[in-house]
Amino acid sequence: MPELSGFERKDLETAGFVGWTAVQEAASDVPDTPGVYVVYSDRRRAGEFLATNPAGWHKGQDPTVPSALLEERWIADAGVLYFGSAPDLRKRITRLGQFSAGEPVAHYGGRILWQVSFSAEFLVAWKEADDDDHASEKRGYVRQFKSTFGRQPFANIQRPKS
């Protein structure tokens, strides 16, 4: 995994991330290979949060969280909002889009993304990786982000494994 020089779009592109399309429109362009993906926002402003999360209810669980948690996690200077990985990028990013549209599919990770009022503007980009490497590559990016910003990206709620 290459070391990122920063977390701006140009830095991620240099590291090999491609796509940069709206989450709900991405699936047809995404390869069905292992890899890492990033949810990104070009906007730099205070988070504006919805009272109710419009994302899908997976296994009957409401994805809505208290606005105080969202405000605490929001990093106004960061375009990177979430890093994910999957053995099949197309399948995972398709589910990400479906979940954001309110469907009850298995993509509960990153669920707080959709409670941001301007989430329709979020972009997703991806990078292919070796089958054995995608999860460790994601964890490496999350660690680098944490080293830069002092905490994980906004919607990476689970603690990364070492």
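1. Let me start with the aromatic cluster: Phe7, Phe17, Phe83, Tyr141, Phe145 and Phe149 are linked by ring pairs. Here rings of Phe, Tyr and Trp (its six-membered ring) pair if their centres lie within 6.5 Å, with planes under 30 degrees apart called stacked, over 60 edge-to-face and the rest tilted.

2. A word on the basis: this is a predicted model, where local features need pLDDT of at least 70 and side-chain atom pairs count only at pLDDT 80 or more, while totals for chains, interfaces and linings use all residues. Residues are numbered from 1 along each chain as its sequence is written, and side-chain values use heavy atoms, leaving out hydrogens and water.

3. The structure holds 15 aromatic pairs. Tryptophan 20 belongs to strand 1 (residues 18–22) and tyrosine 40 to strand 2 (residues 35–40), so the pair ties together parts 20 residues apart in sequence. Helices (H or I, at least four residues) and strands (E, at least two) are DSSP runs, numbered from the N terminus. Tryptophan 20 is buried at a relative accessible area of 11%, and tyrosine 40 is buried at 2%. Buried means under 20% relative accessible area, exposed over 50%, and partly exposed in between (1.4 Å probe, protein chains only).

4. Phenylalanine 49 and tryptophan 74 are worth a look too: their ring centres are 5.9 Å apart and their planes at 75°, so this pair is edge-to-face. Phenylalanine 49 sits in the loop between strand 2 and helix 2 (67–73), and tryptophan 74 in the loop between helix 2 and strand 3 (80–86), 25 residues apart. Both residues, phenylalanine 49 and tryptophan 74, are buried.

5. On to charges: four salt bridges are found in the whole structure, each a side-chain nitrogen of Lys or Arg within 4 Å of a carboxyl oxygen of Asp or Glu. Arginine 9 bridges to glutamate 13, with the closest N and O atoms 2.9 Å apart. These two, arginine 9 and glutamate 13, are four residues apart in helix 1 (residues 9–14), hence separated by about one helical turn. Arginine 9 is partly exposed at 28% relative accessible area, as is glutamate 13 at 37%.

6. Lysine 127 and glutamate 137 also form a salt bridge (2.9 Å, N to O). With lysine 127 in strand 4 and glutamate 137 in helix 4, the pair ties together parts 10 residues apart in sequence. Lysine 127 counts as buried at 11% relative accessibility, and glutamate 137 counts as buried at 7%.
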